[in-house]
Number of protein chains: 2
Amino acid sequence: VRIVLDAIGGDQAPGETVHGAVLAARDLRCEIVLAGPEDAIRAELAKHRTAGLTLTVVDAPEVIEMGEHPAQAVRRKARSSHVVGLRMVRDKQADAFVSAGHSGATMAAATLILGRIRGIERPALAILFPSREKMFLLLDIGATTDCKPEYLVQFAQMGSIYADRALGYRNPRVALLANGEESTKGDRLVQAAYPLLRASGLNFVGNAEPKDALIGGVCDVLVCDGFVGNMFIKQAQAVVKLALSLVQDETQHRLPLRLAAGLVPVAALVGMAQDGARWSALLGTFVAAPLLLASLLGPPLRRVRRKADYRYYGGGPLLGVKGVAIIAHGKSDASAIAMAIRQAHDAVERGAVTGIADVFVADAQGAPAAIELTNGQRPGANTA
Amino acid sequence: VRIVLDAIGGDQAPGETVHGAVLAARDLRCEIVLAGPEDAIRAELAKHRTAGLTLTVVDAPEVIEMGEHPAQAVRRKARSSHVVGLRMVRDKQADAFVSAGHSGATMAAATLILGRIRGIERPALAILFPSREKMFLLLDIGATTDCKPEYLVQFAQMGSIYADRALGYRNPRVALLANGEESTKGDRLVQAAYPLLRASGLNFVGNAEPKDALIGGVCDVLVCDGFVGNMFIKQAQAVVKLALSLVQDETQHRLPLRLAAGLVPVAALVGMAQDGARWSALLGTFVAAPLLLASLLGPPLRRVRRKADYRYYGGGPLLGVKGVAIIAHGKSDASAIAMAIRQAHDAVERGAVTGIADVFVADAQGAPAAIELTNGQRPGANTA
């Protein structure tokens with residue numbers, strides 16, 4: 001497997017991207033092509049031990065900046081990492097493209113250069129979103145903001161194939177994001193998509209509210225239009241950030257306690273040394289908590305934060321185009337980049353994206369395509 | 001001020017609703033009419049000291065259940081608390097209606113019985129949503145799921161008047177909920193509403209992403225369609241719930257620590273009593289933290305949870321109808337009910353809803369109405 005990484009894309013590129021590529025090459029023993037300004041990449045590569053790894057550089061001196069109009073930038077900058085990398089995928093010189101850069105440009109370039117799979121009307125960007133039990137695939141999170149009901153059905157089909165092939169979710173349960181479980185809930189789009197999904201042959205479990213998906217774990221694939229899906233993840237990130245900032249604001253007001261926390265263990269140790277330890281035992285037991293608090297509550301809170309932050313899962317696959325394109329979070333650090341490369345690697349190895357092209361044969365009436373999943377069965381009936 | 005409370009509406013009615021009415025009557029010295037099955041309400045009232053309070057009961061024996069179709073239920077059940085209460089408001093026998101019951105039925109009944117304000121195309125349900133600094137008014141959260149761009153402009157106008165009159169936010173900053181700050185972001189609806197809001201004469205600060213509203217505090221009024229707004233609050237609640245459940249899951253795996261936390265303070269006290277306190281000081285200082293953790297981190301976490309849960313702010317006003325109708329959360333307890341009654345009281349006293357009718361004079365062209373705010377000035381220019 002050969003993967004092209006947009007080495008210059010992302011807030012921490014090229015330092016973290018190149019580092020991530022080194023980690024992935026070491027871990028996966030796959031070939032990684034670094035696309036971007038050659039000198040900058042070689043300078044970063046020189047900082048790592050790369051003996052025995054297959055890391056090559058392809059020069060792509062033009063950079064698509066965050067403010068640029070996606071499609072225009074892609075057309076104008078033929079020597080950008082996006083265009084150079086995706087052309088390699090198109091020309092079978094590579095199996096997948098990974099970028100933490102301008103996501104709009106990646107989606108535009110992938111659609112323009114790789115082209116849409118025949119029968120697919122619109123591409124969809126999917127990500128893994130955490131729930132209490134396991135993660136579910138959420139799509140679309142921003143590739144197609146204005147949808148027709150039929151697009152949502154195709155998103156559900158593509159998502160089911162990807163969830164099955166790449167994630168090993170057998171006969172994945174598909175839900176439609178809505179403001180209530182009843183089929184009458186939702187806006188016009190959701191209401192129109194509901195009966196189509198019922199009739200799709202997919203394992204459609206009905207509408208799901210956010211809490212059903214996040215807490216109830218009712219679905220493996222959650223479908224919505226790109227605007228609502230983008231709001232879904234942005235609101236989740238904002239709420240987590242707000243909660244953390246409020247906890248911080250609250251605890252910062254407790255300066256006396258924090259001072260006590262710093263002084264008391266010292267006092268306790270001094271007391272012990274003097275063997276006049278009664279008062280130190282008292283203080284130690286009832287006042288020293290805040291310091292320990294950080295060490296005890298810190299790890300679970302960090303794990304929760306990590307679980308709620310999708311960049312730790314690598315990136316999201318753009319589904320519906322002829323090739324594997326993974327869009328990683330702009331803030332990706334080296335380990336997030338390595339995760340995204342692993343995701344691309346797995347998607348290639350398991351045929352998760354080619355699977356869509358293979359099985360997605362829209363019939364002449366434009367009715368939902370028949371979908372074969374890896375268990376050799378048509379998706380089962382609704383289990384809701 | 002005379003307020004009708006739907007005493008039978010809500011998950012904890014009539015116990016908590018009647019209790020909330022008693023709290024509010026005591027606090028606000030206003031008159032409260034309890035609508036619902038008379039016997040049940042009187043039985044609850046008997047549990048409280050109500051001497052000196054003006055609490056009356058109006059019999060409304062029919063109950064609209066959660067599963068019922070809103071408009072049908074309202075038409076069929078003329079003796080329900082919703083219909084009885086809102087007719088009192090319509091007939092000037094009361095100034096406001098408050099319900100924690102079936103919110104769809106409350107919205108339908110308010111629209112049918114009170115009628116829409118002349119010039120307003122669709123009603124909008126607003127709530128106060130927390131941000132890091134102060135709260136902002138979010139609308140619509142579910143009254144109108146499918147919107148035209150013009151509706152969003154009216155929501156912004158109504159929200160501005162309410163924020164000014166009821167909340168005292170002078171020259172309120174209005175933002176449009178979108179997936180990016182640029183005017184090109186958003187779905188078709190948002191893109192079409194943007195220039196209309198620019199031209200509206202309101203203090204429009206542009207698009208806001210969730211983090212801009214929640215963390216950045218860029219707006220006093222945040223506008224979106226009812227489907228997106230409903231997802232916005234439901235996702236916030238789901239994420240908070242998920243985070244808390246994950247923290248719980250994490251900490252429950254730490255049974256040994258929890259046992260230690262329970263035993264060590266006991267051991268420390270025993271040690272102190274025996275005056276052989278060196279080991280107890282050690283244990284007390286370095287192991288007893290988990291117990292204290294709850295007492296130290298508990299209050300700020302509870303405050304954050306409270307801040308993130310909108311029911312603690314009472315309820316949301318349905319804007320655009322001819323009268324004050326406040327929709328409280330179905331899970332409201334007595335203090336949340338009392339808050340909702342206070343909100344209704346303040347809205348009446350400050351003319352926040354009548355203000356909409358007074359100033360909302362749509363001109364013949366259907367162009368956005370001229371809005372006078374209480375500071376005597378037209379809303380200022382964009383400050384973004």
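Reply: In this predicted model, helix α6 (residues 149-165) of chain B and helix α7 (residues 188-198) of chain B have axes that cross at roughly 50 degrees. Angles from 65 to 115 degrees would count as roughly perpendicular, and those under 35 as roughly parallel. α6(B) and α7(B) are therefore oblique to each other. Their axes come within 8 Å. The crossing is right-handed.

Which residues make the contact? From α6(B) come Pro149(B), Glu150(B), Leu152(B), Val153(B) and Ala156(B). α7(B) supplies Leu189(B), Ala192(B), Ala193(B), Leu196(B) and Leu197(B). Nine of the contact residues are nonpolar, one is charged and none is polar.

Now the core. The largest nonpolar core holds 227 residues. Those touching the most other members are Ile32(A), Leu138(A), Leu222(A), Ile32(B), Leu34(B), Leu138(B) and Leu222(B). Helix α9 (residues 226-252) of chain B gives this core its largest share, eleven residues.

Take Ile32(A) in chain A. Beyond four places in sequence, its contacts include Ile3(A), Leu5(A), Ala21(A), Thr54(A) and Ile341(A).

Leu138(B) is in contact with Leu125(B), and Leu125(B) lies in strand β5 (residues 124-130) of chain B. Is Leu125(B) buried or exposed? Its relative accessible area is 6%, under the 20% limit, so Leu125(B) is buried. Other contacts of Leu125(B) beyond four places in sequence include Met107(B), Ile141(B), Pro317(B) and Ile327(B). Gly104(B) is 21 residues from Leu125(B) along the chain, and their C-alpha atoms are separated by 11 Å.

Notes. Residues are numbered from 1 along each chain as its sequence is written. Chains are lettered from A and ligands numbered from 1 in the order in which they are written. This is a predicted model: local features need pLDDT of at least 70, side-chain atom pairs count only at pLDDT 80 or more; totals for chains, interfaces and linings use all residues. Side-chain values use heavy atoms; hydrogens and water are left out. Axes are lines fitted to C-alpha atoms, for helices over the stretch in contact, and angles run from 0 to 180 degrees between N-to-C directions. Helices (H or I, at least four residues) and strands (E, at least two) are DSSP runs, numbered from the N terminus. Angles under 35 degrees count as roughly parallel, over 145 as roughly antiparallel, 65 to 115 as roughly perpendicular and the rest as oblique. A crossing is left-handed if the near helix is turned anticlockwise from the far one by less than a right angle, and right-handed if clockwise. Contact means heavy atoms within 4.5 Å. Ala, Val, Leu, Ile, Met, Phe, Trp, Tyr, Cys and Pro count as nonpolar, Asp, Glu, Lys and Arg as charged, and the others, Gly among them, as polar. Buried means under 20% relative accessible area, exposed over 50%, partly exposed in between (1.4 Å probe, protein chains only). A nonpolar core is a set of buried Ala, Val, Leu, Ile, Met, Phe, Trp, Tyr and Cys residues joined through side-chain atoms within 4.5 Å.
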